[in-house]
Amino acid sequence: QLQLVESGGGLVQPGGSLRLSCAASGFTFDYYAIGWFRQAPGKEREGVSCISYFSGSTTYTDSVKGRFTISRDNAKNTVYLQMDSLKPEDTAVYYCAADRKYNSDLFRPICTSNGMDYWGKGTLVTVSS
């Protein structure tokens, strides 16, 4: 079984924080890019952040830069998304996804909505007063 399991979603007030976790089961992240995506009501799925597990390089969409931080814990085979200064517009179902990389792409945080190998089931983040 090759699975991704997200956790950490919930209800938080504007300005608050949440930390999402993405744990791999049945494989290791060593040679993967891992991305966080989200889908808000009435909107298409968008990429939020991406990390090359091999190199640690990261990318963020403009709307979350300075507020969200993606990181990895090698010992736990887990990727995190620390979300600070949350806004109502951050409300969405957040998905973790992983994509196997090869050769030079191992070093690059490349995550695309239609190109990921494995997806988690999602965790709901609601930012509201």
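I took a disulfide to be a pair of cysteine sulfur atoms within 2.5 Å. The model is a predicted one, where local features need pLDDT of at least 70, side-chain atom pairs count only at pLDDT 80 or more, and totals for chains, interfaces and linings use all residues. Residues are numbered from 1 along each chain as its sequence is written, and side-chain values use heavy atoms, with hydrogens and water left out.

Entry: disulfides.
I searched the whole structure and found two disulfides. With bonded cysteines counted along the chain, the pattern is 1-3, 2-4.

I looked up Cys22 and Cys96 and found their sulfur atoms 1.8 Å apart. The torsion about their S-S bond is about -70°, so I noted this disulfide as left-handed. It links distant parts of the chain, 74 residues apart: Cys22 is in strand β3 (residues 18-25) and Cys96 in strand β9. I use strands as DSSP runs (E, at least two residues), numbered from the N terminus. Both Cys22 and Cys96 are buried, where buried means under 20% relative accessible area (1.4 Å probe, protein chains only).

I then looked up Cys50 and Cys111, whose sulfur atoms are 2.0 Å apart. The S-S torsion of Cys50 and Cys111 is about 70°, so that disulfide is right-handed. Cys50 lies in strand β5 (residues 46-52) and Cys111 in the loop between β9 and β10, 61 residues apart. Cys50 is buried, at a relative accessible area of 2%.

Entry: strand β9.
How many of the nine residues of β9 are buried? I noted seven, so the strand is mostly covered.

For pairing I required that DSSP find at least two bridges between two strands. Strand β4 (residues 32-39) pairs with β9 in the antiparallel sense over eight bridges, and Arg38 has Tyr94 as its bridge partner in β9. Strand β11 (residues 123-127) is also antiparallel to β9, over three bridges; Val93 is bridged to Leu124 in β11. Strand β10 (residues 118-119) is joined to β9 by two bridges, again antiparallel, and Ala97 stands opposite Trp119 in β10.

Entry: Asp90.
I looked up Asp90 in the loop between β8 (78-83) and β9 (92-100). Is Asp90 buried or exposed? Asp90 counts as buried because its relative accessibility is 1%. For contacts I took heavy atoms within 4.5 Å. Leaving aside neighbours within four places in sequence, I listed Arg38, Arg67, Phe68, Ser85, Val125 and Val127 as contacts of Asp90.

Definitions and conventions: Helix = DSSP H or I, 4+ residues; strand = E, 2+ residues; numbered from the N terminus. Buried < 20%, exposed > 50% of the residue type's maximum accessible area, 1.4 Å probe, protein only.
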